[in-house]
Every structure is written in C-alpha cells, then in structure tokens.
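Please have the sequence and the structure at hand while reading.

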Amino acid sequence: MTTVAPFALPFPCPSTIDAAIDWSSFDAPWIAELAACPQDPEHHAEGDVWTHTKMVCEALCADEGWRALADDARALVFAGALLHDLAKPACTRIEDGRIRQPGHSPRGAIMVRNLLWRLGAPPPLREAIVGLVRYHQVPFFAIEEEDPRRRIAALTQSCRADHLALVTRADALGRICRDPQRLLDNIELFRELCREHACLDRPFAFPSDHTRFVYFRDRGRDPASLAHDDTRATATLMCGLPGSGKDTWIRDHADQPVISLDDLREALDMPPTGNQGAVIQAAREQAREHLRRGQDFVWNATNLTRDLRRRLVDLFAGYRARIRIVAVESPYRTTLRQNRERQAAVPEKVIERMSGRW
C-alpha cells in the first residue's frame, strides 16, 4: 500500500486497482471518533460511522468507474470517500429518540480543509476533496428539487460531478438501509442531468463571469442569457487567516485605497477580540464613500466565512460594484511564523479557532 502522488496525506490509497485496502495501516485520531459515533439504523443499519466509511471505500474500489480513472483522480476520489462523514461525530444529536447528524456535509468540508491544510496538501487538490465532502449528499436528492439545474450549476463550480457521483454511489452501496435502489436511481438521474447540461466533467458554463454572478443572485434568471454588465467599480475583498500574506498581496498587486480593519482598530484603540461593531461600521462607511464615487478599493480583513463575505457582497453589489474575492493562504507553519513576525500579532489560539471556521 502506497500513497499515489502528488498527495501527501496521512492515509494510503490502493496503489493499483487490484490492491486490497489495508485498514491496519490507517492511523489517525479521527478514526476512533468515527468508530465511536452511532448512526440512525433506518439509514445506517450497518452501525457506526467508521464501519460505514470502510464499506464505502470498499464499494468505491470495486466500482468500474473509479477503477477506470487516472491514478491522481483515483486518489482524490478515494480521499473524498474516506473523509466524507468526518463531521458526523461533531454534528450528532438525539432528537425524539432518533440519531441525527444535521449539517455534517458543510461542516465536514470546513474540517477537511483544516485537516488537509495542516498536512500540507496542495490547495487545488485539497479543495477538490473539500468539494466532494461538501456536496456528497446532493446526488441523492438533486433531481427531486424544484430547480435541480441551479443546484448542479452551483456545485460544479467547486467539484467534478462525475467524481462526486462515484463518491455518492459508494456512499449508497456502503450502507444497510431500507431502499438503496432509490438512492442509486437518483444518482444515475443526477449524472444524466449533468450530461444534459454539459457539466459532468467540467463546471456549468455561463456566457460571462458577470452572468454567473447575477444568476446565483436572481432565481428567475436564464443562465444562458448574457447579463448586461453595468458595474462601475471593482471592490476587492480579501480572504485569509492572519499571517497568510494578505498585506503582501495588496502591496504587490493593488494600487488603490485600502480599507483595513486592523488600521481602523488601531485608530479606534480597539483590540482584535471582543465586539467589533464600531470597527465594522466605520469600515462600511468608508466603503460606501468609495462606492458612491465609483472608485475601486480593497477591503482588507480575514472574511473567512461565507456569511461574512455574503454581507459584504450584498453591500458592494447594491452600489453596482464588480466584486473580486482574493483568497490568500500560506502553509500552516508559515502562517504561524508570519503572524508572529507581524507588528500586531494575533494570539495563536485565536488563529487555531479561526481556522475552524475557514
């Protein structure tokens, strides 16, 4: 058992399509957590999450579609199957005598990103695995949604639908439940829907980047219709942990006004912890001044969560700004070192906590 290049992950992928999975070689603290986590018997009569995970990986390795992939793609999809339920222990609730694990897919995506970042996985490959974890349940139900086209248009911006279908099919086969055939049928319909819209192995295509942006904000819009671009300025929204290199990127790439939350905290004599309401309000007012003038600017803050970014996107778009999100990151140890070298270093325990929301 060897790990397929270029992954530097702490678990092996079968080195050939005929190799058996050597489960004794898997050693990670989260395995014990999965093994101790129960599941609702209606959907998972096989037992705990680790038992299910092993069944999923074995089902994947028997799948002719997975076996036909190139080595790097097989390793990527195997990693997605192995980590797809990583967040179930953290999300487990008992409600009315039933075991529930609500939100384990999006939370799992955050946990997998954090895990693979610390292990040094290359960002593009890491994010491909994260996409499989985040959306691994979607092929079960996408075809039954009111607007399945919107769903596949969104998810294919983050992961390949054909890889996702392999993980979800293995997820269906690697369990004991009441109606597995319905799950398998829905997965095949998901595949057909993606084929129909030419996004099974690539992102759903839009006539322009602006059309894509408008489509996901306007539910009544036809994605094939070119949206008129009436933007009048560019708002650059930085995203990254403290010490990741945002200030360096701005210095090297942006010749425009910068709204820095760190600078505003210093001006207002406020610490980076505690209530940041006054800082945010001051920053938003500066942004409005630039937006009213149609002036390009940079918003420099961590902006690690979708919710924070969405609020700012809504503000900027309301003034007809084109929004550019620049995600900056550096390896785990480098981030901690660069943070220590900053004039206003953030406590490392704060960075650890923030990375759990990234």
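Which element gives the largest share of the lining of the second largest pocket? The largest share, 5 residues, comes from α14.

## Basis of the report

The model is predicted: local features need pLDDT of at least 70, side-chain atom pairs count only at pLDDT 80 or more, and totals for chains, interfaces and linings use all residues. Residues are numbered from 1 along each chain as its sequence is written, and side-chain values use heavy atoms, without hydrogens and water.

## The second largest pocket

A pocket is an open set of points on a 1 Å grid over the protein atoms alone, where protein lies on both sides within 12 Å along at least five of seven lines; lining residues have an atom within 4 Å of a point. The second largest pocket holds about 1300 Å³ of space. Its lining comprises 43 residues, and L261, D262, R265, A301 and T302 lie nearest the centre. By class, 17 are nonpolar, 14 polar and 12 charged.

A cavity is a set of grid points where a 1.4 Å probe fits but cannot get out.

## Residue T156

T156 lies in the loop between α9 (148–155) and α10 (161–173). Its relative accessible area is 3%, so T156 is buried (under 20%, with a 1.4 Å probe and protein chains only). The T156 side chain reaches the backbone oxygen of I152 at 2.8 Å and the backbone nitrogen of F204 at 3.0 Å.

Terms used:
Helices (H or I, at least four residues) and strands (E, at least two) are DSSP runs, numbered from the N terminus. Buried means under 20% relative accessible area, exposed over 50%, partly exposed in between (1.4 Å probe, protein chains only). A polar contact is a pair of N or O atoms within 3.5 Å; within protein, one must be able to donate a hydrogen and the other to accept it, and residues adjacent in sequence count only if both atoms are side-chain atoms. Grid points are joined across faces, edges and corners, and a volume is the space filled by probe spheres set on the points. Ala, Val, Leu, Ile, Met, Phe, Trp, Tyr, Cys and Pro count as nonpolar, Asp, Glu, Lys and Arg as charged, and the others, Gly among them, as polar.
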